[in-house]
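Subject: Structure handover

Hello,

Here is the structure you were expecting, with the sequence alongside. My notes follow below.

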Amino acid sequence: MTEQAPILILLFPFLTAIFVALLGAKVPAASWPLTIASLGASICATLTTLIQVLENGTIRYYVGGWAPPFGIELRIDGLNALVAVTVATVAFLGAIYSKDRVESETENKGPQYYALYLLLAAGLLGIVITGDAFNLYVLLEIAALTSYALLAMGNKRATLAAFKYLIMGTIGASFYLLGVGYLYIKTGSLNMVDIQEQLIANGLQDSSTVQVAFIMITVGLWVKMAFFPLHAWLPNSYAFGPTTSSSIMAPLVTKVMIYVMVRMVLTVFGPVYAFEVLDWGNIVVWLAVIAILAGSIGALAQKDLRKMLTFLIIAEVGYMVGGVWLVDETGMTGAIYHIISDAFMTLCVFLFAGIVFAKTGARDIYAVDGLFKKMPITMIGFIVGAFSLIGIPPTAGFFSKWYLIQGGINSGNWEYVIALLISSLVNAVLFFRIIEIAYFGKKPAEGHIHHHGDDHTKISEAPITQLIPLLGTAAIILLIGIFNKDLVAVIQDFLEPFNLVAGIR
Amino acid sequence: MVAIEALADKFNYWVYIVIMMIGLYAMVSKNNLIKKLIGMSVFQTAIILFYVSIGYKDEATIPILYHDQVHGAHHAEEGDHSDEGAHHDETHAMEAIAKEATHHGNDHAVDADHAEVDEHEADHVIDAHVMHNESDHAFEAGHGGLDIDPNQFENPLVHVLMLTAIVVGVATLGVGLAITQKLYGEFGTIEEHEIIEQLRTGND
Amino acid sequence: MKFLGLLTVLITGFLLIQAERDFPDWGDVNSPASSYKLSQHYITQTFAETSVPNMVTAVLADYRGYDTMFETVVIFTAGIAIIGILRVFGSNIKPDHPEVVLTKKKPDLIVETTCRLLIPIIQLFALYVVAHGHHSPGGGFQGGVIFGASFILLALARDLQYAQQWVPENRILNLAGIGIFIYAGFGVASLLLGGNFLDYGVLTAIIPGDVKDAHSHSMLGVEIGVAFTVTAIMFSIYSSLSSNGHMKEGI
Amino acid sequence: MIWIFDMIILIFLILTAFISLRVKDLLSAAMIFGVYSLLMCLLWAGMGAVDVAFTEAAVGAGVSAVFLISTILRTSRRSSD
């Protein structure tokens with residue numbers, strides 16, 4: 001059955017989602033175990049695939065038995081396999097966390113929530129493993145529709161944000177679709193690898209249609225990943241949506257979009273086209289610098305814990321977009337590494353924010369007041385995530401930033417290096433402030449902000465279903481950091497054929 | 001008249017841009033949520049118009065085979081099996097026949113020399129996809145059993161893609177309308193600026 | 001916002017016009033999209049490989065069947081999403097917003113008689129569209145929408161509750177799920193028989209006929225699955241939207 | 001002469017798209033959007049995309065318009081722009 005592993009990655013969550021939606025009306029209690037079981041099975045499938053990829057190289061799975069480009073293929077190489085494992089694991093951990101919170105945060109719509117959650121996971125996994133440009137669009141829309149619904153289940157601010165997201169997301173996806181249409185009109189193919197072969201074979205390097213296709217696809221994905229000037233939909237939707245929804249969407253949706261961008265740049269258009277023929281690497285790096293700074297400044301201005309974290313996501317997106325466009329192998333390695341480590345550290349801090357919200361009912365950062373004494377285990381988990389976001393060794397965040405900075409230095413993009421350092425500094429300020437409040441309690445001068453009175457005495461350690469995902473995430477962050485050499489080896493194996501070192505700039 | 005006809009030739013490609021921009025403008029700058037959603041639908045149909053225009057071919061017909069092509073095909077295949085040994089070098093013909101033969105293998109294994117032909121065909125099955133030669137696209141009648149000229153039919157692929165896109169469009173519209181109703185239930189209005197105003201005065 | 005909209009439109013429009021300079025002529029048979037092996041293969045080989053004269057159906061349900069399965073899932077997702085967003089379950093039913101005043105509809109003789117005559121015909125036509133998708137335009141999706149529309153017509157002619165008596169919401173959701181299970185079932189069956197997912201060719205073991213027939217019959221099967229889901233979800237979406245999630249009078 | 005027919009539809013398409021986004025009454029907007037979808041469907045049928053046209057006739061002109069109208073009746077008909 002191992003040669004069927006690629007399709008099983010997707011089938012488990014997808015079929016269980018339908019089952020949960022049907023069964024949920026009668027046996028709501030069965031939803032959660034089914035969700036966990038299917039995501040666990042999906043993790044096993046992704047790991048099997050990863051091992052196969054590491055042993056035998058790229059896997060090409062022809063759905064329907066039709067050879068590409070006639071049929072749709074799932075094409076899994078080192079990059080997808082890693083991202084797929086990440087997506088499945090994050091979804092699994094997020095699902096464990098959901099158990100206690102769903103009923104209260106989504107007005108008793110547990111079964112629908114789990115069905116949508118699984119469909120979102122299936123959509124994202126499908127995006128990651130597919131090798132067909134149009135198939136990616138369909139799955140993009142599945143992921144998008146479920147996201148809109150998961151967010152709109154929250155309070156009224158989240159509903160408005162979900163509407164904005166719907167409009168922006170549709171614009172992004174439609175731009176992507178249009179870009180694929182332009183590629184199709186010039187190449188006649190939809191298979192990613194085949195598109196690139198046709199682009200080279202037909203000498204379409206100078207075609208203005210292909211250039212616009214590249215711009216449309218990139219901008220469409222930038223909208224979807226909330227790259228700085230196009231980020232308007234993100235902060236409110238993740239900050240006010242149900243904590244359970246944002247604990248899967250914040251780590252995954254933007255990261256998967258960055259994966260798609262990397263895939264488009266490397267596999268569909270090819271690094272030579274994307275970096276040499278067009279040569280707007282510098283502009284994009286500057287845009288990324290602006291995004292990083294804007295995200296950091298935005299985060300400094302926030303009093304709301306989750307909203308602060310959403311601005312950090314915008315800064316992180318800047319890291320990765322910049323890292324891709326540094327046009328340097330180390331930079332690209334760092335960007336891909338950061339996709340993985342950022343998924344886990346975002347999950348970690350969002351889980352923490354969810355736990356704090358669940359325990360205190362408050363959204364602002366002073367809600368953590370004195371939590372070190374009341375919930376020490378939770379705080380340990382949070383500190384690992386926070387240290388990783390700041391970039392303190394041996395956490396994952398340190399190593400990915402290390403590679404990004406190396407890439408910046410190698411390619412001479414000093415503005416990017418400086419922005420990265422400033423952003424790390426801002427993260428340090430933000431998180432040490434939170435840790436300080438949690439450890440020493442808030443200062444008297446700040447006492448006017450929303451006092452919670454007697455709540456403080458009731459707060460105790462979080463329930464086990466919330467602790468396990470938090471601590472699991474923290475452990476994974478440390479593991480990714482400690483085994484960074486192996487991870488980087490896999491990424492560099494993947495990057496080798498693209499030959500990013502030689503001949504560019 | 002010729003000039004206008006020439007303009008009309010590319011007219012589709014112009015019109016989709018115009019419609020798309022109307023839709024995009026509505027999505028970005030209208031205040032009313034339902035207007036935004038109508039704009040979204042207009043925007044998506046414009047993209048579908050673009051795709052359908054890709055598939056259009058002059059003097060081609062809808063991508064459904066004619067009745068006599070379908071039924072004539074069976075006869076032609078049967079006729080071909082007798083003298084197919086002569087056409088081994090014809091990639092196209094072989095590909096079609098090879099498929100046929102493997103599919104119908106049991107039905108037609110009557111000829112004495114059929115076993116030998118089958119061997120040849122088996123080789124061709126493997127590389128049928130690879131050997132597909134794109135330059136000579138006209139099928140000559142009598143060679144491959146199915147006398148289909150690709151230029152006779154429109155490109156079916158874009159139609160398939162756009163069926164999917166229409167479905168996605170209506171699904172998004174439905175979800176958008178549901179969110180609109182929820183917002184109306186909470187704010188009592190579907191004007192975006194009024195909602196934002198309420199949020200500002202209500203919470204800060 | 002107006003300025004922002006105008007700016008977006010101008011930039012995008014400029015880009016699209018740039019792209020258009022390099023397009024092949026309209027209707028050109030030698031454009032890459034038309035002359036590349038992909039579309040040529042579909043046109044010339046579809047019948048030989050699947051014995052379905054309607055290429056669109058064949059490509060939809062077979063060559064790109066994976067896409068179509070997710071297209072069905074998109075519809076299903078929309079249905080669940082709308083229930084998740086709008087539906088009000090049990091205890092916390094809020095009164096309707098005062099602005100919306102809906103009068104209880106009295107059955108109208110002419111409308112009702114017309115519908116009584118029309119609905120069976122519409123449903124028959126829908127079944128024809130589903131079943132005849134191999135030979136004429138149509139297929140599971142179109143047929144499903146028409147079938148769903150017949151229920152919507154019923155709900156419009158009388159009221160939602162009347163239509164709900166015929167097609168209760170929980171049953172209709174089951175129908176939607178069954179539709180997807182039928183579709184995925186063909187895929188899983190081919191997995192179990194040793195082929196790849198949705199490889200209808202290996203289904204000769206359980207479907208009578210040769211490989212071509214297996215493709216053709218499986219396509220009919222998945223089209224029926226699609227029709228189930230689409231019928232159910234179209235009506236479900238209408239019910240939720242027209243009653244604001246309360247499943248009461250409707251419009 | 002088919003292109004004259006095409007041309008007329010295309011011009012009407014632009015007009016209906018514009019008007020449906022322009023009218024202040026949302027119910028009219030929804031109806032005109034239905035007309036727009038129907039014209040689009042005619043155009044596609046003329047271009048030979050019968051399956052797409054069929055779907056658009058059922059979805060765009062039919063079900064989408066019903067969805068829009070039911071939402072408009074459930075919310076409000078007026079629009080400020």
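Please keep in mind that this is a predicted model.

Serine 237 of chain A

Leaving aside its neighbours within four places in sequence, Ser237(A) is in contact with Leu151(A) and Ala161(A). Ser237(A) belongs to helix 9 of chain A, which covers residues 234–240. Its side chain reaches the backbone oxygen of Leu234(A) at 3.0 Å. Is Ser237(A) buried or exposed? Ser237(A) counts as buried because its relative accessibility is 0%, and the cut-off for buried is under 20%.

Cavities

Searching the whole structure gives 11 cavities of 30 Å³ or more.

The largest cavity holds about 130 Å³ of space. Its lining is made up of 14 residues, and those nearest the centre are Ser41(B), Thr45(B), Gly169(B), Val170(B) and Glu56(D). Four helices each supply at least two residues of this lining: helix 2 (33–55) and helix 7 (156–187) of chain B, and helix 2 (26–46) and helix 3 (50–74) of chain D. Sorted by class, the lining has six nonpolar, seven polar and one charged residues.

The second largest cavity holds about 70 Å³. The residues that line it are Asp304(A), Leu305(A), Arg306(A), Ala353(A), Val356(A), Phe357(A), Ala362(A), Arg363(A), Asp364(A) and Ala367(A). Helix 14 of chain A gives the most, with three residues. By class, the lining of the second largest cavity has six nonpolar and four charged residues, with no polar ones.

Two packed helices are described by the angle between their axes and the distance between the axes. Which residues of the two helices meet? From helix 8 of chain A they are Ser208(A), Thr209(A), Val212(A), Ile215(A) and Met216(A), and from helix 1 of chain C they are Thr12(C), Leu15(C), Leu16(C), Gln18(C) and Ala19(C). The residues of this contact divide into six nonpolar and four polar, with no charged residue.

Regards

Methods
Residues are numbered from 1 along each chain as its sequence is written. Chains are lettered from A and ligands numbered from 1 in the order in which they are written. This is a predicted model: local features need pLDDT of at least 70, side-chain atom pairs count only at pLDDT 80 or more; totals for chains, interfaces and linings use all residues. Side-chain values use heavy atoms; hydrogens and water are left out. Buried means under 20% relative accessible area, exposed over 50%, partly exposed in between (1.4 Å probe, protein chains only). A polar contact is a pair of N or O atoms within 3.5 Å; within protein, one must be able to donate a hydrogen and the other to accept it, and residues adjacent in sequence count only if both atoms are side-chain atoms. Contact means heavy atoms within 4.5 Å. On a 1 Å grid over the protein atoms alone, a cavity is a set of points where a 1.4 Å probe fits but cannot get out, and a pocket is an open set with protein on both sides within 12 Å along at least five of seven lines; lining residues have an atom within 4 Å of a point. Grid points are joined across faces, edges and corners, and a volume is the space filled by probe spheres set on the points. Ala, Val, Leu, Ile, Met, Phe, Trp, Tyr, Cys and Pro count as nonpolar, Asp, Glu, Lys and Arg as charged, and the others, Gly among them, as polar.
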